[in-house]
Structures are given as structure tokens and as C-alpha cells.
Amino acid sequence: ILSARVKSVLSADTLVLTPLSSSTERVLHLAFLDAPRLATNDKYAFESREALRSLLVGKTIKFKVLYSLNGREYGDVSAPIFDSLVARILADGTAKLRTDAPANATTDDLAALLDTWTPLEKRAKSDAVGIWADKLPPSPVILTTLDTALYADPAKPYSAIVERVVAGDRLQVRIMLSSADAPQGRRTHILTPALIAGVKTPRSASPDTPAEPYGEPAKLFVSDRLLQRSVKVCLIDTAASGLPIVTIAHPAGDIAQLLLSNGLASVADWQSSALGAATMSTLRAAEKAARLAHLNLWKNTSTAIRSDATDFDATVAKIVSPDTLVVRNLQTDQETTVQLASVRGPRLNDKATAPYVPVAKEFLRTKLIGKRVKVHVHTIRPATDHFEQRSIVTLTNANDFNVAALLVDQGLATVIRHRATDEDRSDIWDLLLEKESYAIKGHRGVHSKKPPTAGDDDLVNASENATKAKIYLPSLQRQSTIPAVVEHVASAGRLRLRVANGKDNISLTLVLSGVRAPRSEEAYGEKARDFVLRRYLQRDVTFTVLGLDKTGGFIGHVFLPGSGTKTPLSLSLVSEGLASVHGFSAENSGYYDQLMAAQESAQNEEKNLWEGFKAQQQQAKAKEEDLAKAHAKAEAQAQAPTKQYLDIKITDIADSGSVSYIPVSAASTLTRLQADLASFYAAAANATVATFQATGTTPHKNEYVAYRDPDSNVFNRGKVMAVDRAAGTYNVNLIDVGTTIPAAPLDHLRPLKDDPKWQPSAVKPLAQVAALSFIKLPPSSPTDYLAEYVDCLKGTILGKQMVGVLDGKVAGVSNSVDSLTLFQIDSAGPEDSVNAFLVDEAYAFVKPDKALAQAWEKSSTKALQYLRELQEGARSSRVGVWEYGDADD
């Protein structure tokens, strides 16, 4: 008696076994049995084979060879659920005894077995079961080709059986059509070879061709999981050979993904359009994992894929070409030239696409310049004679839009057709192909039948010489502010601008008025130029023109848009000590007083050009200021009243930006309230008042109710703030946690008015609403900075225990609310507040409140001054609400 695993069932009397002690397959014919043949489509052949297939395939059994005849082995099988398979088959009427069975019972043991089994057949025959039934089902119609209508819905699953595994990616399947899908509603099976969608495996062996490496393991891998298994197949497409391409659903998992993740197949690129980007992306991730692990097919493959590559955040510093950018790593502050993976932008040396080079660059500039992006490095392309070393990357912006996908979608880049061994393929290559097909159909960009409008080649250089510049000077001087784009920064004081006002198709050189900036070769020249590059290169700006220099450069001022103070670049350079005031021209610049004040400040702070300037005077002044500050601090401490410190827990951050909290001492009261409410409504005795539906009433505005959270099943007291009768919903403020439920359905509410012990008169509301002292909330449009402010607070303080300093009361929506300065439990000092963090990180503005400042006199004045200093730092860094200037403007 040997143990084996049932590999397949050829018919109700023939099994293919894989012995556990050997890898050599054995075909076992069941002793004395004769079953209808599936190959000739005999009546009941499919049903009899199915009875054994569903029972045995993939199972471990024990078998015994009883006799051999004409080179065949005949025997019986046992398993935990039956002692004799032959006996079970005869009893079920799945097959019958052979007519020559008595002649083959050549021994007493065999004759005894035959005598035991014969009555089983007679009983099945008399009971008309199985093959002995009075009316057998008709044999299915066997088709070998598929009607094109079956491909109409690629997501529609058809019941099927994997009859044969030809290779790792090729099967023979029996598709069993439902009566709705079958011709004339007749019972129909389609027996057809098919390709597994999305993969290509090495060739398996044939009689005249040896197998490719890993071809047989791939075939065995699929056989072990799918051979003669019941599956669901979806007809995706047909190959050029006419074979159907199918996906297979089986509890063991997606066979295509399993093949790829075990390194036994590669992705079939040519099927991308049929499978779609989402499916192909999953398959490519499985292949990539196998390649990184060097499994099977990839065992000896050297790979440049960086398994340790991590995303990093950067800002886009420059658009070099439609597919090449310079980014500045926010962590290292280093600039890197990167190239977008899997796309090729239009080229100037390509006559067909050259007109789209400026269009694509301008598209990227308006979308990305100065913006924050995530950079994922696929590989690093080594330097060549013509190109420097370059990272091949995928860029996504703050909204998770893939930059390459945006370009392809607009027809401003084409998708590279990679070789199978290419390792710089984008993770969304298949999505890029989809977008490219849509761009081609829509005739967008380089796929258009019409050329684009005029580009940079048509610009007139107004600063070519002084004579030409004089022609344009009067017109430019008449315009108060002129929109432009900074194309080049020659030095900190000399910029190349492209005028973008829609009227003047010119470019010009702008020389900053009133200042002298160091040249690049001079001390601090490169630092000053880098200051301008970071803030102005390829940015939208406005400028004014005051005059001309002798070379044709226009003298004037340049501004970043959105700045509430309209600070010119010249003033920013002087403030940083990266330029000095130029006497006579400064007097005619319109900013003389500001420039002189800024220079004095830079001198006193010894910034850059002024390093070491009046060092002794500055030190003495600083010492005097320190003594004055110390005296003022001591005086303020002596005069200031004692502030109230609160131990609180933040319970809610509203979308409007307000903060709700409860005292830490009230946490146990809240827990007890929630438990008492839950117990009350769970009690059977309270069933008649447990819901509004039970009482036949609905709550009214300002009525107190209990609200049940549908996720946690926790009850909280609430006040109905508004009623939407049409929608049947209620705006409820949870008075003990501060949360507002904007549209609570009636079945989430419970009555409270009939029980006085729950009323606010008995237990006061625990939650209180507060505003943050001296904080002015940011606007929600046109950029939703308010949502960022709220998200920051939720991630920073929501649900945490804090220390709140009560600075006073401020006007709220309906009445006055607490004005707090919030501190973490482990705050480093009085300046380490949440309020200061919000201003320093540019999530909000400083709001001077005279009433609060007067209430606490000098201490609050100092706190307000500190917040203003932080705000100025954020403003000059152009981050957060200051990225485009003052967001309030």
C-alpha cells in the first residue's frame, strides 16, 4: 500500500497519481471498472468524471495495485472518507463492472473482492442511480472555438475546469456556458487552449524541443495549483494567434501574480491595453519584487534597481526641458538634475515636435516651479560623453498627480517603449500608455493636426542694444506693473525677463534700481545669485521700469506676485546683506528710506557683506539691550497678574478652526456619563423610550438628545442646533466632547428630555470651546490654507493632554470663548507653544488683540512681539500661507 497525491482524473476508472515517495507519475486503473469515456463524449462521461475529480484531485490517498494487464496497473484506492474507491463508485453508479471482470479475477483474493463488489452494482442498478438512471442528462455539445460575443464583457466570469497545463502560461480549459450564454440554450462546453493574461513563461519541453530554463518548473507550478481545478475565467482578449487570453480566479490566488512573484514568469507588455493600467501595475510590482530577490529567472541577473531607494521631498528649482528638471532636496538642500522615467518630451532637433518644446516647458513651469514634489528614484543613469550622470525618477506633486502622466495626458510627451530588461521603467508605465492613447485620439499636443501658437523663438530681444531699448522704454514706463517670467539670472542684480502681458512679445534685461549687487566672481556674489535663483528663477513676477543703462538694460524693480507689502527684490537683497545701496540711483528708486533702513539693519546684524561691521558697537548695543530687556522682564513679572494654568484634553478640532477641550479632571465624569447612557438605553425596561421612533416623536432645535456613534456604539449628550426636515437629519453638537455631527440620522439619536438627570442643569456640559491667543485663521480660498491649518492641529494636539494658559476671553460665534496659549506636557519653555509653532510653520497669521495684550500688559506684549518675529521669518521664507505673499490679499 503506497501513499500518493491525485494529480488528475482521466475518467471515472482512471487516475493519475504522484507517489509521495517518488516524483514519477503513475496511472492507476481502478480494478474491474468500466466508465464512460470523456474523449468520445459518452453519455454520463462528464458527470462520472466530475464525481471523482471534485472528490480526489489534489488530495492525498493510499492505493494498492491488485493486478497488471497489458502493461497497465489495476488497483483500488482508500482515503479517510472511504475504504474502497471501487466500492464507492459502484454504489454511487458512477461506473459499472467490466464484462471481463470474472476472467480477470485470477486469484482467490480477487474473486472474493469481485464477489463483494458485484452486489453493490446490482443495488445501484435497482435503485436507478448514476449511470443506471432511467433518463441520463444529454452529453454537452463540445465546441473548440469561442463566439466573439463572449468577449463583450471582459469582467464577466465563466465557470471552467483546467483540463491540461501545456506550459506555465498556456492551458487547456473547459468553459461551461450557462443556458443564457449557450447557443439555443443547449448544454455547451468549450474546450480550448488559452493564454494566462499578463505573463510570459519560458517554453516547456516538447517531443522535439527541449525546455527553456525554468520552463518545466513554471509548468509544474501551475499544474500543482490549477490542473483539473474548478475556476472562473474572464475572457480578456485574443492573441494574434487567435488564442483567448484569460484571467483565472481561484482560491489559491492570482496565478499570474504568483508566477511573477516566484520569478517563474515575466510581464507580457503587449497585453497592457487589454488588462488595463491597474492590473498591470500589480503584476509589475510582483515581477520587480522577484527581480530584487533574484528568484529563479532573475537568479543570475545583475540589476540596477535600487532596493534601498526611498522617496524624498524636494522643490522644483528649474525646468531644463520637457522631461528634465532640477530639484532641490529639502533634506540636504542640494540641487539634482533628474529625468522623468518612461517619457520623452518634444525635442528641438525634431522638426515635428520642436514647436511644442516651449509649450511643454511652460506647462511644467506653471504647474511645478517652486512647488513641493515627491521624488522616487528608479535608477541612476551613468555619465556618458554627451550627458552627465542623471537620476531617472517619478515625480508626484502635493495632490499626488504624476508629472509624467500629466504631460502625456496633454500630448506634451510620448511614452518610451521599454525593452524587457530595462530597469528605469515607470511604475505607472501602463497608465502612461492609456493616457497616450487618449491623447492620440483627442489630437492633443504633439498628436495634434495643427501647430501650436507662437513660442519663445518669436520673442524680440528689447535689450539687444541701447538703441533698440529706447524704442520700448516709453511704453514700459507708462505701465505701472508688467507681468513677466524670470528666464535667467546672470547675477543677483541682473535678470533676464520674458514679458507675459499678452501685448508685448519681448524679452529684456532688468537691472535692479538703487543697489549694487556683487558679481558672481566677487565675495558673496554666488550666494547673492543663489538667493535670487531660489526665489525668482522661472517664477511669475511683476516689474516696473524707471530708466535705461548704457548697454540697453532696463533699470527698475521686480516683485513676486501676491506680496501684500510689494517688497522689491532690491530691498530683499539689501535686507540680507547681499547688496549695498547705490547712493544717487537709490534716491530716484522710490524706495530710498526703506533701502537705507534695511542696509543699516544688515550692517548692525553683520549679515554677509557686512560681516564684522561695527562689531564692538554692536556688542555694546546688544549688552545694553540685554540689560534693558532683563529689567523690563523683571518689572513685567512684578506687575503682571498670575495667569491661570489648565490641565486639559483636546477633544475636537472643528473645520472652522475652533478647538474644543475638557478639563483632565472631567475625564472620569465623561467616561461615567457615556457608560450610564449606554447602560440606560441597553436596558429592556427602557425599550419604549429608547428611540424617537418608539415614542413617535422627533427632536426639535435646542432640544437635548443622546447621540450614538455608529462605529464605536458610544453614547454622548448632544444639543440639536438645526433640523433638516427634507433630508430627515439633524445638526447635533456633542456638549461633552465638543464635536459637531452635521447630519445625524434619526436612528442615531435617543430622547433625553424625559429624564432630568441627563440634562445640562444636572450635569453641566464638559466640553468648552477655545480660540488660540493672537492667532488669526488663514483663508479657505482660493487656496484652502484653513484645511491645512485644521489638519495640522488634528495631527498635533487632537486627543492629547495639554497645558492651557488662559489669556482671557474673545468673541465667539454665539458668545465669548476662552483664549488659550497651548503647551505640550514636555514643552521646553514659555516660547515653545503650539501658538508659536503654527505661526513659525506658516499655518496661520498673527492677530494682535489689544484687549488681551492690555489685560496681561508687558508679558503678553512680549509674547505678541515674539509671534510677530516668527511671522516675519515665515514671510521671508515664503512658506505655507506666505508662499505667494500675503494669503489674506
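This is a predicted model: local features need pLDDT of at least 70, side-chain atom pairs count only at pLDDT 80 or more; totals for chains, interfaces and linings use all residues.
Residues are numbered from 1 along each chain as its sequence is written, and side-chain values use heavy atoms, with hydrogens and water left out.

**View 1. The domains of the protein chain.** Let's start with the layout. The domain assignment, with bounds that come from an automatic or database source, gives domain 1 (2-132), domain 2 (141-298), domain 3 (312-447), domain 4 (460-610), domain 5 (660-758) and domain 6 (773-882). Between the C-alpha centres of domain 3 and domain 6 there are 40 Å.

**View 2. Helix 8 and its neighbours.** Helices (H or I, at least four residues) and strands (E, at least two) are DSSP runs, numbered from the N terminus. Helix 8 covers residues 277-293, and its 17 residues reach 24 Å from first C-alpha to last, close to the 24 Å expected at 1.5 Å a residue; that expected span is 1.5 Å times one less than the number of residues. Its buried residues (under 20% relative accessible area, with exposed over 50% and partly exposed in between; 1.4 Å probe, protein chains only) include Ala277, Met280, Leu283 and Arg284. The buried residues of helix 8 pack against helix 6 (255-261), strand 15 (266-267), helix 7 (272-275) and helix 11 (429-441), where contact means heavy atoms within 4.5 Å. Just after helix 8, look for histidine 294, with a positive phi of about 55°.

View 3. Strands pair here if DSSP finds at least two bridges between them. Strand 33 (residues 704-708) runs antiparallel to strand 34 (residues 715-724), joined by five bridges, and arginine 708 stands opposite phenylalanine 715. Six residues lie between these two strands, and asparagine 713 in the turn has a positive phi of about 65°. Strand 34 is also joined to strand 35 (residues 729-734) by six bridges, again antiparallel, with aspartate 724 opposite threonine 729.

**View 4. The largest nonpolar core.** A nonpolar core is a set of buried Ala, Val, Leu, Ile, Met, Phe, Trp, Tyr and Cys residues joined through side-chain atoms within 4.5 Å. The largest one has 44 residues, of which Leu171, Ile175 and Leu259 touch the most other members. Elements giving two or more residues to this core include helix 5 (215-226), helix 6 and helix 8, while strand 13 gives the most, with five residues.

**View 5. Aromatic pairs.** Rings of Phe, Tyr and Trp (its six-membered ring) pair if their centres lie within 6.5 Å; planes under 30 degrees apart count as stacked, over 60 as edge-to-face and the rest as tilted. The structure holds nine aromatic pairs. Phenylalanine 32 and tryptophan 117 form an edge-to-face pair, 6.1 Å centre to centre with 65° between the planes. Phenylalanine 32 is buried at 0% relative accessible area, and tryptophan 117 is buried at 3%. Another pair joins phenylalanine 680 and tryptophan 758: the ring centres are 5.9 Å apart and the planes lie at 70°, so this pair is edge-to-face.
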